[in-house]
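Please read them with the structure open.

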Amino acid sequence: MKRESKRGRRSSLVAAVVLVVGFVIGAVAVADGIPAIPHTLEGRAACLTCHGEGKLKPAPADHAGRADATCTGCHHAAP
Ligand code: HEC
Ligand code: HEC
């Protein structure tokens, strides 16, 4: 009985540590300077017509395969 509950406490401690570490990493990723969108989004929903490969202002190579609908999940219009 006693041993059982001790093990339960330890695993919730481990879970808490994992949670905190995950949160810190997530916060750093958000603060990690995702560039804001310097222009209005009016009439510019189709990001890739300008930010696709070889276009006006190509997105970085690691963006390959990202769809228009995902862009504003990371990039927010500058106020
Ligand atoms: C009509 C063309 C066009 C469309 C459509 C467009 N953009 Fe842009 N975008 C530009 C140009 C040109 C620049 C760079 C010039 C500037 O600073 O305004 C730019 C700049 C950016 C930047 C900053 C790049 C940097 O160097 O810091 C981001 C981020 C961005 N756009 C995201 C988006 C997203 C997300 C969408 C879709 C919701 C989008 N853009 C739609 C033309 C476009
Ligand atoms: C998972 C988050 C994420 C998504 C989704 C995303 N981006 Fe980005 N984007 C970033 C980050 C982070 C950077 C800066 C680091 C880098 O160069 O990769 C960046 C850089 C850019 C730049 C260059 C900015 C500069 O300063 O040169 C453009 C343009 C851009 N993104 C457009 C887009 C477009 C268009 C889409 C949708 C097709 C998109 N992004 C989707 C995270 C994202």
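This is a predicted model: local features need pLDDT of at least 70, side-chain atom pairs count only at pLDDT 80 or more; totals for chains, interfaces and linings use all residues.

Which element provides the largest share of the shell around ligand 1? Helix H2 does, with three residues. The points below start from there.

1. The mean pLDDT of the protein is 84. A value of 70 or more is reached by 82% of its residues. Confidence is highest in H2, at 97. It is lowest in helix H1, residues 2-31, where the mean is 71. Keep that in mind when reading H1.

2. **Fold.** The protein has three helices and zero strands. Along the sequence the pattern reads α-α-α. Of the 79 residues, 1% count as buried.

3. **Ligand 1.** This ligand is surrounded by 17 residues. The closest are Pro 35, Arg 44, Cys 47, Cys 50 and Cys 71. Two elements, H2 and H3, each give two or more residues to this shell. By class, the shell around ligand 1 holds ten nonpolar, five polar and two charged residues.

4. **Ligand 2.** Here, too, 17 residues form the surroundings. Cys 47, His 51, Ala 59, Cys 71 and Cys 74 are the closest. Helix H2 (48-51) and helix H3 (68-74) are the elements that supply two or more residues to the shell around ligand 2. H3 gives the most, with five residues. The shell around ligand 2 splits into eight nonpolar, five polar and four charged residues.

5. **Residues listed for both ligands.**

6. **Cys 74.** Is Cys 74 buried or exposed? Cys 74 is exposed, because 11 other C-beta atoms lie within 10 Å, and the exposed class covers counts of 12 or fewer. Ala 36 is 38 residues away along the chain, yet the two C-alpha atoms are separated by 8.7 Å.

7. **Ile 34.** This residue lies in the loop between H1 and H2. Ile 34 is exposed, because its count is 11 other C-beta atoms within 10 Å. Which residues does Ile 34 touch, leaving aside those up to four places away in sequence? They are Cys 74 and His 75. Ile 34 and His 76 are 42 residues apart in sequence, and their C-alpha atoms are 8.7 Å apart in space.

Note on methods
Residues are numbered from 1 along each chain as its sequence is written. Chains are lettered from A and ligands numbered from 1 in the order in which they are written. A residue is near a molecule or strand if its C-beta atom, placed from the backbone, lies within 6 Å of it. Helices (H or I, at least four residues) and strands (E, at least two) are DSSP runs, numbered from the N terminus. Ala, Val, Leu, Ile, Met, Phe, Trp, Tyr, Cys and Pro count as nonpolar, Asp, Glu, Lys and Arg as charged, and the others, Gly among them, as polar. pLDDT is the predictor's confidence in each residue, from 0 to 100. A residue is buried if 20 or more other C-beta atoms lie within 10 Å of its own, exposed if 12 or fewer, and partly exposed in between; C-beta atoms are placed from the backbone. Two residues are in contact if their C-beta atoms, placed from the backbone, lie within 7 Å.
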